[in-house]
Amino acid sequence: MTRNHEAQVFDAVVVGAGFSGLYMLHRLRELGYSVRVYEAGEDVGGTWYWNRYPGARCDIESIYYNYTFSEELRNEWTWSSRYAEQPEILRYINFVADKLDLRRDIQFKTRITSATFNEKNKNWDIQTGEGNTITAKYFITALGCLSASNMPNFKGMDRFKGELYHTGKWPHEKVDFTGKKVGIIGTGSSGIQAIPVIAQEAEHLTVFQRTPQFSAPAENHSYDPEFLQKVKENYHEIKQQMIASMHGVPSFPRDKSALKDSPEERQRVFEEAWDKGGLFTLMYTYNDIGFVKEANDTVAEFVRSKIAQTVENPEVAEMLLPTYYYGTKRPIIDTNYFQTYNRKNVTLVDIKSDPIDELTSKGLRTKESEYEFDALVFATGFDAITGPFFKMDIRGKDGISLKEKWAEGADLKTYLGIATAGFPNMFMITGPQSPSVLSNMLVSIEQHVEWIADCIEYLRENNLETIEAIPEAEVAWSQQCKIIAEMSLATKTDSWYMGANIEGKPRGFMAFLGGVGLYRQICDDVAAKEYEGFSVT
Ligand code: N01
């Protein structure tokens with residue numbers, strides 16, 4: 001294919017300049033392909049470019065939440081603390097973009113609005129918001145799983161005259177809440193990170209909670225240089241553990257049922273995990289917490305008891321007690337979240353019993369009360385996983401629309417979460433039905449990018465023009481994803497994993513729950529069998 005930027009013809013177009021798009025660009029460029037990345041934002045960073053809300057930080061430990069493909073990058077970067085804050089992660093991404101000279105192949109402030117497979121020349125015709133058309137052999141989505149913000153559609157949304165924010169689209173300049181009355185809607189990971197920080201600044205903070213959440217202490221702390229040195233020296237072994245693991249971090253669930261320990265011993269085990277902090281620490285105390293109701297009840301009860309002990313007002317504590325299965329929504333780790341409800345300037349409103357009716361010019365009205373605010377923060381999450389795809393009109397063979405294929409009641413179907421039948425030469429990095437959001441995203445991203453680059457190389461070496469998932473293979477994969485998910489408790493909870501947070505979205509577990517280690521083996525096996533399950537021409 002011609003390498004001609006003026007004519008806008010590329011071997012590959014990548015949508016998104018977050019962690020996945022940047023590595024895809026680097027990897028393909030190193031192999032000699034012409035690549036153009038299109039990014040709606042003004043700079044690199046993806047999630048970490050948009051989510052600048054107070055308290056935003058990663059819930060995967062910094063030393064594991066970075067690229068591992070380059071020893072040079074690893075050795076030149078030093079993380080400050082166990083859970084890096086958003087500005088530090090964004091600095092890291094910028095450091096990588098500079099070091100690998102990535103920006104010259106990225107067009108910023110450009111949204112891709114449509115991509116259509118051209119059956120005559122087997123290329124993708126890709127359109128930007130400005131109306132420019134680009135042609136590429138490969139269309140690669142690096143959209144992020146949590147990049148389409150979910151803004152509830154309350155009555156009177158445009159009436160509120162105060163400041164209005166969504167955590168996922170936070171302004172670049174500091175938002176100063178000093179002396180202000182602030183309302184926040186939503187108590188997921190974003191809300192739980194933002195609430196303690198906003199409460200320290202605002203005159204008063206009112207939290208509107210629909211579903212109480214399990215959250216455990218992050219136990220964040222600065223890194224000790226000696227520890228970091230050891231990590232650098234042993235990174236090869238650490239990486240091997242990460243890529244063979246369940247969630248992309250170098251630890252594993254203990255091989256014991258929660259029901260095999262005495263209540264006293266379980267309490268000791270949970271206390272130890274609680275003190276240690278971390279995203280998967282409580283989940284990993286026993287091997288059946290995610291699968292057996294009675295085992296799950298033991299940890300859920302433990303966390304509820306911690307909440308009740310922490311929150312001084314018993315009525316408020318009661319409102320904060322979660323009732324779903326522990327870990328069936330993304331686990332949350334926090335710094336002083338439950339303690340924040342002991343502050344005099346924080347009020348909790350249960351909007352399940354007293355729902356929000358409408359926004360007013362001065363605030364909002366629930367069924368029973370009216371509230372006035374200077375600022376209103378929506379921490380209401382995302383149209384996860386499939387949502388970002390639906391912001392574009394993607395059409396494959398015979399004009400088939402991806403949105404129609406996935407969104408209108410039909411079961412979600414992909415092959416390995418990388419490809420979908422009817423859409424030749426389209427690859428999805430951390431797409432639906434891959435481990436993606438259940439894992440350390442960096443491990444999943446690197447594995448997908450490398451697999452896709454190898455696949456493209458295979459096509460070039462064998463003079464092949466197209467690769468496309470076979471319908472039977474994607475039906476089998478989707479079925480397998482469903483069966484594994486249904487073995488767990490994850491499908492018994494309304495969560496964004498299930499599409500339950502978006503009105504009208506078809507319900508179904510949208511990720512592969514078998515773990516990143518097993519998933520990698522399956523993908524490698526498919527490649528070793530000359531892309532079994534794909535048709536190549
Ligand atoms: O979004 P969420 P998030 N009216 O969907 C509520 C990742 N992340 O941005 O639970 C009233 O979890 C909703 O209520 P309910 C992480 O993977 C990671 O917080 O649906 N309330 C819920 O309380 C995470 O899981 C980090 O009943 C409404 C909240 O808003 C994912 O992103 C940090 C509502 C939304 O919670 C999403 O987290 C932040 C409505 N109409 C995020 N609609 C890290 O630490 C929604 N809600 C890396």
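## The hairpin and its sheet

In this predicted model, strands β13 and β14 form a hairpin, with three residues between them. The two strands run antiparallel and are joined by three bridges, and within this pairing L359 has L364 of β14 as its bridge partner. On the other pairing, β14, which covers residues 363–366, meets β15 in the antiparallel sense, again over three bridges, and here R365 stands opposite E370 of β15.

Taken together, these strands make an open sheet of three strands in the order β13-β14-β15, with antiparallel pairing. Because β13 (356–359) and β15 (370–372) each have a single partner strand, they stand at the edges, and one side of each is left without a neighbour in the sheet. From one strand to the next, the twist averages 20°.

## The largest nonpolar core

The largest nonpolar core holds 157 residues, and those that touch the most other members are A12, V13, V14, M24, I140 and I184. Helix α13, residues 441–461, supplies the largest share of this core, namely nine residues.

What does V13 touch, if residues up to four places away in sequence are not counted? Its contacts are R36, Y38, W124, I126, I134, A136, F139 and I140. In soluble globular proteins, nonpolar side chains tend to be buried together.

## Packing of α13 and α15

Helix α13 packs with helix α15 (residues 516–528) at an angle of about 0°, and the axes are 11 Å apart; α13 is therefore roughly parallel to α15. On the α13 side the residues in contact are V443, S444, Q447, W451, D454 and C455, which meet V516, R520, C523 and A527 of α15. Sorted by class, this contact comprises six nonpolar, two polar and two charged residues.

## The loop residue G533

The loop between α15 and β20 (534–536) contains G533. Is G533 buried or partly exposed? It has 17 C-beta neighbours inside 10 Å, whereas a buried residue needs 20 or more and an exposed one has 12 or fewer, so G533 counts as partly exposed.

Leaving aside residues up to four places away in sequence, G533 touches Y415, A469, I470, A473 and V526.

Definitions and conventions: Residues are numbered from 1 along each chain as its sequence is written. This is a predicted model: local features need pLDDT of at least 70, side-chain atom pairs count only at pLDDT 80 or more; totals for chains, interfaces and linings use all residues. Two strands pair if DSSP finds at least two bridges between them. Helices (H or I, at least four residues) and strands (E, at least two) are DSSP runs, numbered from the N terminus. Axes are lines fitted to C-alpha atoms, for helices over the stretch in contact, and angles run from 0 to 180 degrees between N-to-C directions. A nonpolar core is a set of buried Ala, Val, Leu, Ile, Met, Phe, Trp, Tyr and Cys residues joined through C-beta atoms within 7 Å. Two residues are in contact if their C-beta atoms, placed from the backbone, lie within 7 Å. Angles under 35 degrees count as roughly parallel, over 145 as roughly antiparallel, 65 to 115 as roughly perpendicular and the rest as oblique. Ala, Val, Leu, Ile, Met, Phe, Trp, Tyr, Cys and Pro count as nonpolar, Asp, Glu, Lys and Arg as charged, and the others, Gly among them, as polar.
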